[in-house]
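Biologist: I'm new to this one. Could you show me the model and walk me through it?

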Amino acid sequence: MRVLGVDPGLTRCGVGVVEGVAGRPLKMLGVGVVRTAADAELGDRLVTIECGIEQWLDEYQPQFVAVERVFSQHNVSTVMGTAQASAVAMLCAARRGLPVALHTPSEVKAAVTGSGRADKAQIGAMVTRLLRLDAPPKPADAADALALAICHIWRAPAINRLQQAHAAARAPRIPVRKATR
């Protein structure tokens, strides 16, 4: 499974590609950030993010895209920018027919470090260890993107089983009639 993780942000949008399956060693294929100028117009910033994500999708051909789920923060303008960058990532994936998974920050932290309250340094350290890297990816947005991809790889089998069970439970039940003679 090849997953593009996206840590959305208007100034720095972290991106990272990880390949592997749950229970096996994982491999980092690429990591970086898509940057925009803080003084640029919002529309131009979103186009820059779109172009950057499209380049990552073209180069790495992921099968899934994992995006950090935006949650309410105290600073509304920060939430709005994060949500807009998140929507761009989801749009790029949807345009290509790629499944998108949203993971909360605490889900990602718990999956990668074992604690939903881990800090940036702990996430960077575990990403470094799990992907057998020489040093933590910089900036933290890049490490967070890799953590999102790792989280999805590890959680996907369970998520798929839950979705299948849910679909089966919702399927209409057609009564079977016994043949009469």
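**Charged pairs and the sheet**

Modeller: Let's start with a pair: R155 and E107 join their side chains in a salt bridge, 3.8 Å from N to O. For that label, a side-chain nitrogen of Lys or Arg must be within 4 Å of a carboxyl oxygen of Asp or Glu. One caution: this is a predicted model, where local features need pLDDT of at least 70, side-chain atom pairs count only at pLDDT 80 or more, and totals for chains, interfaces and linings use all residues. Residues are numbered from 1 along each chain as its sequence is written, and side-chain values use heavy atoms, leaving out hydrogens and water.

Biologist: How many residues apart are R155 and E107?

Modeller: R155 sits in helix α5 (residues 140–170) and E107 in helix α3 (residues 105–113). Helices here are DSSP runs of H or I with at least four residues, and strands are runs of E with at least two, numbered from the N terminus. The pair links distant parts of the chain, and the separation is 48 residues.

Biologist: Is E54 buried or exposed?

Modeller: Buried means under 20% relative accessible area, exposed over 50%, and partly exposed in between (1.4 Å probe, protein chains only). E54 has 15% relative accessibility, so E54 counts as buried.

Biologist: Which residue forms a salt bridge with E54?

Modeller: E54 is in helix α1, and its partner is in the loop between α2 and β5, 42 residues apart. The closest N and O atoms are 2.5 Å apart, and the partner is R96.
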